Amino acid sequence: MLMFLHLCMSLAALNTLSVVAAAQHACPDSFRQRCLSFAPERLIRNSTRTHLEYVANGTTLQLTDNVASCARPSQLVSANLCRVALQMPTSQRSGIKFELWLPEEWPGRRYVATGNGDVDGCIKYEDLAYTTANGFAAMGTNNGHDGTTGVSFLHNPDVLEDFAYRALHTGTVAAKLLTEAFYNKPPAHSYYIGCSLGGRMGIKAAEMYPGDYDGIVAGAPAVDFNNLQGERAMFYPITGAVGSPDFIGPDIWKGLIHDEVLRQCDALDGVTDGIIEVPDRCHFQPERLLCPPGANASGACLNAQQVEQLKKIYAPYRYPNGTLIFPRMNPGNEVFAVQKLLAGAPFSYSQDWFRYVVLGDPTWDAATYSTSLVALAEQLNPFGMRTFPRALPAFKARGGRLLGYHFGQDNQITSFNTERLWDRMAEGDAHLQRWFRFFRVGGMAAQGVGFEPSGNVLAAMVAWVERGRAPDTMTGTKFVNDTVSLGVGFRRKHCPYPSTQTYIGGDHKLPSSWRCR
């Protein structure tokens, strides 16, 4: 798989969170002393300090109060920094956990907010560590609730409102104030980075609070959110539970089916390299796997019922009248999709959305899902969760920049939906590329390292905002056996949509063998 790095107001607009003006005391000579003498809770009314500590470069920070389901018990820190953590109320029955990491070295005066994922309330400490190591003052919140489920949404719309938009905005306003107080100067530029739900969060921020960020990086954005949850819920009734008649197990998905997808589609870009470079050219025909008359489906072929399953799984998701609900799944994602979408179990994030938000019924059985429920979710659209704009006029007008990317092997959110978002916005903006660029990364399903604009989306955004250098390509890296320690197999430049990555001849491992057309 190809890799490159991804991570996903006015003061009067805050609800119960209000800011108290306070004079900043003279800074002690020592950064450590300055950190430990900082009093963030005095600047953010009604907030409660939970952590204030100096953290030295190379420290493995023990996150003892982090919720276990977030699977972040510790974090290596790669800069000297001041860690500020607060609890902030957002209403009488909701609030956010807030972390602001302030590095000792702050050369570019850059602030970045980090997003969350899925339906969870997990601060991405790895993103805070990465961005502070590169000189950003970095903020993250728990998005209004703790843990990886949506149970906190049940009968509490205040928590849902935090999740939809308020937590990120509240955290950013507070973080900018505290950053200015700590350094005695405001951020020169403000950024956002998030993936999946975090990608949706960034686009929602551009829609609701266009002044919050100069540049937004939105990876694999979970836009058209309600319909996305319907599409995710769709798979379980099709596949059935593990052990049910005609259930297709992971070995068949990873071997027989995935191999056949590559057999039909890998070479469509002119190169047989295990990467479906342009997935929209691939229209998988599962009937080629149908067992011949008299043969048994024993792993070498599929029976008729299993072939019908595949036809539904690889097709666009539609209402009975033919109206599109959500685009089709990415062909080639099978190896990872068996972990969730095709695992023979309810997709937990969509199950939570329907149980705790749409229906308010914790006992709802995901096997009973139907298109009537996705229609209900879209009708309710709590706090504007849908997030599928036709335009972002205020963000564009103030000079904001939006950089999107999507993995060609995404196994949870199809990249065709991000294409659909870009096309939707381009209908009313012939010059969309001037401020919104979207890159399709064929074969990508993970993240890489580094901070060079050519191969790092956050660095590319900084170059675009601060130096006016819009990214013409993004370089992906294929490591040997997908293992960084084994070294680079090859690199490939990826094109801004709607340009297509096109093989022009020669060694396919050389970037010069490809063009954007």
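Helices (H or I, at least four residues) and strands (E, at least two) are DSSP runs, numbered from the N terminus. With that naming in hand, let us walk through the structure. This is a predicted model, in which local features need pLDDT of at least 70, side-chain atom pairs count only at pLDDT 80 or more, and totals for chains, interfaces and linings use all residues. Residues are numbered from 1 along each chain as its sequence is written, and side-chain values use heavy atoms, with hydrogens and water left out.

We can begin with a loop. Pro327 sits in the loop between β12 (324–326) and α9 (334–337). Is Pro327 buried or exposed? Its relative accessible area is 9%, so Pro327 is buried; the word "buried" stands for under 20% relative accessible area, "exposed" for over 50%, and "partly exposed" for what lies in between (1.4 Å probe, protein chains only). Leaving aside its neighbours within four places in sequence, Pro327 is in contact with Glu231, Pro316, Thr414, Phe416, Asn417 and Arg420, where contact means heavy atoms within 4.5 Å. Take Glu231 from that list: Pro327 and Glu231 are 96 residues apart in sequence, yet 8.6 Å apart in space, C-alpha to C-alpha.

Now step back to the domains. The domain assignment of the protein gives domain 1 (30–224 + 385–516) and domain 2 (227–383); such bounds come from an automatic or database domain assignment. How many residues does each domain bring to the contact? Domain 1 gives 47 residues and domain 2 gives 43 residues. Taken over C-alpha atoms, the centres of domain 1 and domain 2 are separated by 29 Å.

Between them, domain 1 and domain 2 bury about 3700 Å², with 61% of it on carbon and sulfur atoms. Buried area here is the accessible area (1.4 Å probe) that two parts lose on being put together, summed over both. Which residues of domain 1 lose the most area to domain 2? They are Asn411, Gln412 and Phe416, which together make up 18% of what that side buries.

Let us look at one of these three. Gln412 lies in the loop between β13 (401–407) and α13. With a relative accessible area of 18%, Gln412 counts as buried. Leaving aside its neighbours within four places in sequence, Gln412 is in contact with Asp118, Leu228, Arg232, Lys340, Leu341, Phe347 and Tyr349.

The interface also holds polar pairs. Across the interface of domain 1 and domain 2, the rule finds 17 residue pairs in polar contact (both at pLDDT 80 or more). A polar contact is a pair of N or O atoms within 3.5 Å; within protein, one must be able to donate a hydrogen and the other to accept it, and residues adjacent in sequence count only if both atoms are side-chain atoms. On the side of domain 1 that touches domain 2, the elements that give two or more residues are α4 (157–183), α13 (415–426), β16 (488–494) and β17 (501–503). The largest share of that side, 6 residues, comes from α4.

Next come the charges. Side chains of opposite charge can pair when their charged atoms come close. A salt bridge is a side-chain nitrogen of Lys or Arg within 4 Å of a carboxyl oxygen of Asp or Glu. The structure holds 23 salt bridges, and the count between domain 1 and domain 2 is 4. Another entry to look up is the pair Glu277 and Arg492, whose side chains meet in a salt bridge (2.8 Å, N to O).

Arg83 forms a salt bridge with Glu53, and their closest N and O atoms are 2.8 Å apart. Arg83 is in strand β5 (residues 81–91) and Glu53 in strand β2 (residues 48–55), 30 residues apart. Arg83 is buried, with a relative accessible area of 1%, whereas Glu53 is partly exposed at 24%.

Our last pair is Arg437 and Asp472, which form a salt bridge with the closest N and O atoms 3.2 Å apart. Arg437 lies in strand β14 and Asp472 in the loop between α14 (457–467) and β15 (474–479), so the pair ties together parts that are 35 residues apart in sequence. Arg437 is buried at 15% relative accessibility, while Asp472 is exposed, with a relative accessible area of 55%. Finally, salt bridges that share partners join Asp224, Glu378, Arg386 and Arg420 into one network.
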